[in-house]
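Q: Could you take a close look at one buried spot in this protein for me, and then show me how the aromatic rings are arranged around the rest of it?

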Amino acid sequence: MADAEYPDFEWPTTYVQIVPRLSGSLSAVSSATIIYLIFRSQTRLSSIYHQIMLCMSMFDISANLARVLTTIPMPTEMPQEKELGFEWPGGRYGNHATCAAQGFFTLSGAVGMFAFNSTLCLYYACAVAFQMKEKNIRKYILPFIFGFPFVAGYGFSVDLLFADSYNPPTNLALGYWCKPGYYPSGCTEEDGTCLRGNFDAINRYQKGMKLAQGFAVLIMVTSLALVVHSRFRVSRLTKKIVKAAEEDGSVDRLLMSSRHKARLERLDHDTSAILLQSLAYIAAFVVGVIWPFMSNLQKIHDNTTIFKLGLFFLPIQGFFNLIVFLSHKIHNYRRIHRETTRWQVVKLLFSAQVQEPCFVSRISMV
């Protein structure tokens, strides 16, 4: 079916009804698995990392449970849809309330996950780059780590909910679920063609989202830069200690430098692992969100392949998060128990409370 606004765009009806529901369900199950592993672990919610991952996974579940419904919650009939030539493939069995609920959970989940990605990076920066103690992070940083995602995630979505500004997109290339916006898509207040949507609320949302996204990206970039700087600082310090010991030549100095070197090498390894973990979580999120941005580009707006890739990858971040979560648990467990295979570690994680190693300023990465 062609989009009324973009006649060259063909809506892949069968693909929409199957693939995003499968990928969204996989992501929700993966996020639920992360929550299960957190409560199966020995530390449970005593580590800040686990607390962040719990909230991130809950946001993912809520967003994907809304997404997998695709067109089902959309109103059975929209104002003047026949006169304007709009139609949505797939069954529509809802009303404006169910459409608003779908838009609310999709938006709050996506924004919350993005914000928690940024505050996870901030947590690592505080623990690694600034060497803050866990109790100080809890006292001074933790309120922001959780406050920013919840305020951003629910602030915009609640405002739009009360303003009755969730609608099915008439520009089908923008998605297959109810989302914030005017009806029909692309209408303006000046021409008076908008049938639904609160202009003030949507303008607040658009401006606020730009600020929130920019702030989150700034946190990510700054935090990762600080972790990278910390890693290179440790490497330089290791080389400096070894060089000084070699120049001194005394046995005591050599023994002391050997102990310092071993400790700094462990710290360098742990810092590298944290940096890779942060980048992996960010990459998992970018793989999903890049497709809506690409579909907004005019040159590829009518590219059905880009749209199909977006339908598959957008809901699947929870699955990638689970891979990262498990990979680091396996890596850290095998640092102490080298004789244990990866598959044995996986079975242990699901069947027993594993002894959890703690690295770098008491960060538990298992």
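A: Let's start with Ser57, which counts as buried because its relative accessibility is 2%, where buried means under 20% relative accessible area, exposed over 50% and partly exposed in between, with a 1.4 Å probe and protein chains only. Please keep in mind that this is a predicted model, in which local features need pLDDT of at least 70, side-chain atom pairs count only at pLDDT 80 or more, and totals for chains, interfaces and linings use all residues. Residues are numbered from 1 along each chain as its sequence is written, and side-chain values use heavy atoms, with hydrogens and water left out.

Ser57 lies in helix α2, residues 48-67; helices are DSSP runs of H or I with at least four residues, strands are runs of E with at least two, and both are numbered from the N terminus. Leaving out residues up to four places away in sequence, Ser57 touches Ser31, Ile34 and Ile35, a contact being heavy atoms within 4.5 Å.

Gln317 is another buried residue, with a relative accessible area of 5%. Gln317 belongs to helix α9, residues 317-336, and, neighbours within four places in sequence aside, is in contact with Ser27, Met113, Asn117, Tyr281, Ala284 and Phe285.

Now to the rings. There are 19 aromatic pairs, counted when the ring centres of Phe, Tyr and Trp (its six-membered ring) lie within 6.5 Å; planes under 30 degrees apart are stacked, over 60 edge-to-face, and the rest tilted. Phe86 and Tyr183 make an edge-to-face pair, 6.2 Å centre to centre with 65° between the planes. This pair links distant parts of the chain, 97 residues apart: Phe86 is in the loop between α3 (81-84) and α4 (96-129), and Tyr183 in the loop between β2 (179-180) and α6 (199-248). Both Phe86 and Tyr183 are buried. Phe104 and Phe105 are also edge-to-face, because their planes meet at 80°, with the ring centres 5.1 Å apart. Phe104 is buried at 12% relative accessibility, whereas Phe105 is partly exposed at 40%.
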